[in-house]
Amino acid sequence: MDIIVQQRKPKRVLLTTAPKEALVVSDGVGGHWYDRTDTYMAWTCAVDLDDRLSVSCPPTGLMFIKANVPDVEILEYPTWDEYLRALASERWDMVGISFYTWSTPVAIEMAKAAREAGVPEIWGGNYGAIGPGLSRHFTRLVKGPGEYPVHEFVYGRRLEVIHHPPMLGESGFRGVKAPVGYLYSKRGCNVGCTFCSTPVFNAKEDPIFIEETVAALDRYREAGAAHVIIYDESFFLNNELSERIIDELALRELPWICLTRADLLEGRVRELTDRYMDGAIVGIESYRDKNIADVRKREDVYNVRKTVRELIDNGRRALGTFMIGFASDTIEDMRWDMQQLADEGLFACQLTLLTPFHGTKLFKMMEPTINEPDLSKFDLYNLVWDHPHMDRSEARELLAWGQRTVNSPERVAEKIKREMKAKMRARRDGRRILPPRLDDLPAGLSGSVAGGLSAGFPA
Ligand code: B12
Ligand code: SF4
């Protein structure tokens with residue numbers, strides 16, 4: 001006898017991000033504009049516009065949800081007007097807003113607009129959802145991956161397997177552009193660095209089936225992606241999974257860049273270079289061991305610098321993140337440290353101000369000193385606490401000076417040209433295009449090798 005399973009009609013859901021008006025900042029670090037959805041724009045906003053790196057990144061969180069709950073509608077980085085029009089366009093069962101701590105005030109405005117439009121369920125998701133005082137604005141706040149609860153809401157049943165969508169962005173530098181692909185082998189991290197929101201937001205490591213990531217890699221290969229950027233919070237935390245991903249990348253001759261901890265990379269750069277690694281973004285965070293110990297990063301400065309050197313010596317792109325404004329940091333000390341950082345020869349570095357995000361251990365420790373009630377300032381580029389050695393404008397100026405000192409456009413131009421040249425030579429010789437090592441490369445560069453070759457860099 002046939003069993004008839006009655007499928008209920010999927011619920012109508014609109015998911016969106018903060019609006020463009022909030023995402024584009026007119027007076028960023030150094031007084032220049034930047035777009036928060038573009039990594040390098042944000043890393044280098046104090047640098048002249050023509051010399052800035054750019055790597056656009058789509059809202060990967062919402063793309064994940066759409067890939068797993070195909071009946072939801074997503075509105076990526078809309079203007080405020082587009083959002084209002086979408087709200088009025090039909091009777092939604094739920095509107096979900098994806099926001100960070102900095103975008104909490106605008107997300108609250110969006111939630112109000114949804115309520116006024118008569119939407120019965122208003123959900124909040126992404127890192128902002130762990131913030132304070134939100135329950136009166138949202139009917140539900142989702143911590144961690146959103147595809148499970150949204151699937152349950154839309155179809156009334158559990159999501160069994162996570163699908164990984166292809167997610168493309170574009171990198172650019174001085175007019176040279178190339179597609180980049182985004183990849184996650186897992187989400188979540190529980191290493192427990194006290195400044196990081198991830199162990200609070202998503203402590204459970206959630207691996208994605210390899211077959212799913214492989215389909216996205218095929219798409220990146222077809223699109224001619226210059227790089228695949230692996231944005232796991234810490235790639236190599238699950239070594240077996242990382243190894244399989246790297247094999248699949250190498251099989252497709254796709255150069256890749258990952259976000260990881262230095263200690264997980266140490267001693268492996270040469271071997272990984274032969275498997276198409278183009279570079280890595282590592283958390284350097286500070287040149288002072290006391291600072292690193294204070295935030296329980298469980299690394300030491302000597303070893304982190306050794307790994308950075310290992311990347312550079314193998315001709316890889318060494319990218320870093322570096323925090324200034326720990327309690328004992330003075331302006332003078334930080335100028336000294338950032339000069340050292342500049343001499344290191346990194347491809348690029350994200351400099352940020354130590355920020356106690358809500359829910360983190362750091363927040364609890366620093367709570368009595370936090371003096372910024374406006375959540376929009378919790379974006380890593382504003383001093384939000386009473387620092388003993390610098391005020392808000394001094395911290396911001398220091399950051400701008402650091403961005404210009406550490407992120408040299410000439411170094412980036414040189415590196416990109418060298419990489420292009422090596423790829424051209426490999427292509428001409430009909431060889432498999434292995435990522436070049438610096439010691440393989442000729443001096444002297446041709447300026448017109450842009451067409452379709454690599455300018456890709458990570459976000
Ligand atoms: C990659 C990354 C970026 C990328 C892009 C992220 C993206 N795709 O939108 C770039 C480089 C552009 C970026 C920019 C910024 N980032 Co960032 N970024 C990260 C990083 C490294 C990983 C995040 C990620 O890709 N996760 C995986 C994706 C697939 O999942 P997801 O976005 O979290 O979405 C899932 C859930 O959150 C949930 N979800 C998301 N939205 C919604 C909505 C609803 C309704 C529901 C139900 C669920 C839901 O479901 C999704 C699918 O599972 C984290 C650090 C870390 N270690 O985690 C920092 C991090 C998230 N970034 C941070 C910050 C501060 C920023 C910037 C403000 C920096 C700046 N000054 O410019 C900007 C803000 C960008 C923005 N759009 O507002 C902070 C956020 C802290 C906080 N509490 O707010 C983090 C945690 C780093 C840190 N130092 O602590 N970032
Ligand atoms: S900083 Fe990196 S390693 Fe530390 S808890 Fe956050 S994601 Fe994990």
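Visitor: Which domains does the domain assignment of the protein give?

Guide: Domain bounds come from an automatic or database domain assignment. Here the assignment gives domain 1 (13-48 + 58-155) and domain 2 (168-437). Please keep in mind that this is a predicted model, in which local features need pLDDT of at least 70 and side-chain atom pairs count only at pLDDT 80 or more, while totals for chains, interfaces and linings use all residues. Residues are numbered from 1 along each chain as its sequence is written, and chains are lettered from A and ligands numbered from 1 in the order in which they are written.

Visitor: How many helices and strands are there in the protein?

Guide: Helices (H or I, at least four residues) and strands (E, at least two) are DSSP runs, numbered from the N terminus. The protein has 17 helices and 17 strands. Its radius of gyration, taken over C-alpha atoms, is 22 Å, close to the 23 Å from the globule rule (2.2 Å times the number of residues to the power 0.38) for 459 residues, so the protein is as compact as a globular protein of that length.

Visitor: How many residues does the contact take from domain 1 and from domain 2?

Guide: Two residues are in contact if their C-beta atoms, placed from the backbone, lie within 7 Å. The centres of domain 1 and domain 2, taken over C-alpha atoms, are separated by 24 Å. The contact takes 21 residues from domain 1 and 26 residues from domain 2. On the side of domain 1 that touches domain 2, helix H2 (39-43) and helix H5 (104-116) are the elements that give two or more residues.

Visitor: In what order do the strands of the open sheet of five strands stand?

Guide: Strands of a sheet pair through backbone hydrogen bonds, either parallel or antiparallel. Two strands count as paired if DSSP finds at least two bridges between them. In this sheet the order is S5-S1-S6-S7-S8, with parallel pairing. Strand S5 (73-75) and strand S8 (140-141) stand at the edges with a single partner strand each, so one side of each is left without a neighbour in the sheet. Strand S1 (residues 13-17) is joined to S6 by five bridges, and Leu-15 stands opposite Gly-96 in S6. Helix H3 packs on the sheet, touching S1, S5 and S6, and its direction makes about 160 degrees with that of S1; such angles run from 0 to 180 degrees between N-to-C directions, with axes fitted to C-alpha atoms, for helices over the stretch in contact.

Visitor: What is the pairing in the open sheet that eight strands form?

Guide: The pairing is mixed, and the order is S4-S9-S10-S13-S14-S15-S16-S17. Strand S4 (54-55) and strand S17 (348-353) are the edge strands. S4 pairs with strand S9 (residues 168-173) in the antiparallel sense over two bridges, and Val-55 has Ser-171 in S9 as its bridge partner.

Visitor: Which residues come nearest to ligand 1?

Guide: A residue is near a molecule if its C-beta atom, placed from the backbone, lies within 6 Å of it. Of the 43 residues around ligand 1, Gly-61, Gly-96, Ser-98, Gly-125 and Gly-146 come nearest. H3 gives the most to this shell, with five residues. Domain 1 and domain 2 each provide at least three residues of the shell.

Visitor: Which residues surround ligand 2?

Guide: Among them are Cys-189, Cys-193, Cys-196, Glu-233 and Arg-261.
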